[in-house]
Amino acid sequence: MPAAAQHRTPRTNRLVRKLAVAGTGIAVLALPLIGATSASAATPTVQTATSLGYSNTLDGWIRASLAVMAEHGIPGSYDGIYRNVIRESSGNPYAINLWDSNAAAGTPSKGLLQVIDPTFNAYHVANTSWDPYDPVANITAACNYAAQRYGSIDNVFGAY
């Protein structure tokens, strides 16, 4: 095409395009900041004994777990949980079994109700911590497992 016949872009169009590109770049840079603010506001709080208004003790952990269990329709009683916690860990949330068959296989039982990681992950209850040593998360996941397997933690009277 001859040079005289080429279409020339007016300077104002080029300026508008440059401003549009610059504006898009600024908007893209601002998105993570806007998203972080929105996402953090929408992220649910992890439910712990203290966040639910209970003491950070065995009694509070059980009561907080029962509250979370009630929200999710997981059966169990204070007495059933307490009985199993005392048998499994003597109430120590950091208890870990390093000698049984689970430990020998590389997945030791952990926490108040001595749950192995695959079971904890499979029966984890929403809005509780993903830390198997967290008392409320450990109790709630173990009770969820016991409910599916035995009908309730109240029906567990030995290793499970």
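Reader: In which segment is Ser152 found?

Author: This is a predicted model in which local features need pLDDT of at least 70 and side-chain atom pairs count only at pLDDT 80 or more, while totals for chains, interfaces and linings use all residues. Residues are numbered from 1 along each chain as its sequence is written, and side-chain values use heavy atoms, with hydrogens and water left out. Helices are DSSP runs of H or I, at least four residues, numbered from the N terminus. Ser152 is found in the segment after α6.

Reader: Is Ser152 buried or exposed?

Author: Buried means under 20% relative accessible area and exposed over 50%, with partly exposed in between (1.4 Å probe, protein chains only). Ser152 has 7% relative accessibility, so Ser152 counts as buried.

Reader: Which residues does Ser152 touch, not counting those up to four places away in sequence?

Author: Contact means heavy atoms within 4.5 Å. By that rule, Ser152 touches Pro75, Gly76, Ala146 and Ala147.

Reader: How far apart in space are Ser152 and Gly80, C-alpha to C-alpha?

Author: Gly80 is one of the buried residues of α3. Ser152 and Gly80 are 72 residues apart in sequence, and their C-alpha to C-alpha distance is 8.5 Å.

Reader: Which residues of α3 are buried?

Author: Helix α3 covers residues 78-89. What covers its buried residues includes α2 (58-72) and α6 (135-150). The buried residues are Gly80, Ile81, Asn84, Val85 and Ser89.

Reader: Which residues are in contact with Ile81, leaving aside its neighbours within four places in sequence?

Author: Ile81 is one of the buried residues of α3. Its contacts are Ile62, Leu66, Met69, Leu113, Ile139, Cys143 and Ile153.

Definitions and conventions:
Helix = DSSP H or I, 4+ residues; strand = E, 2+ residues; numbered from the N terminus. Expected span 1.5 Å × (residues − 1).
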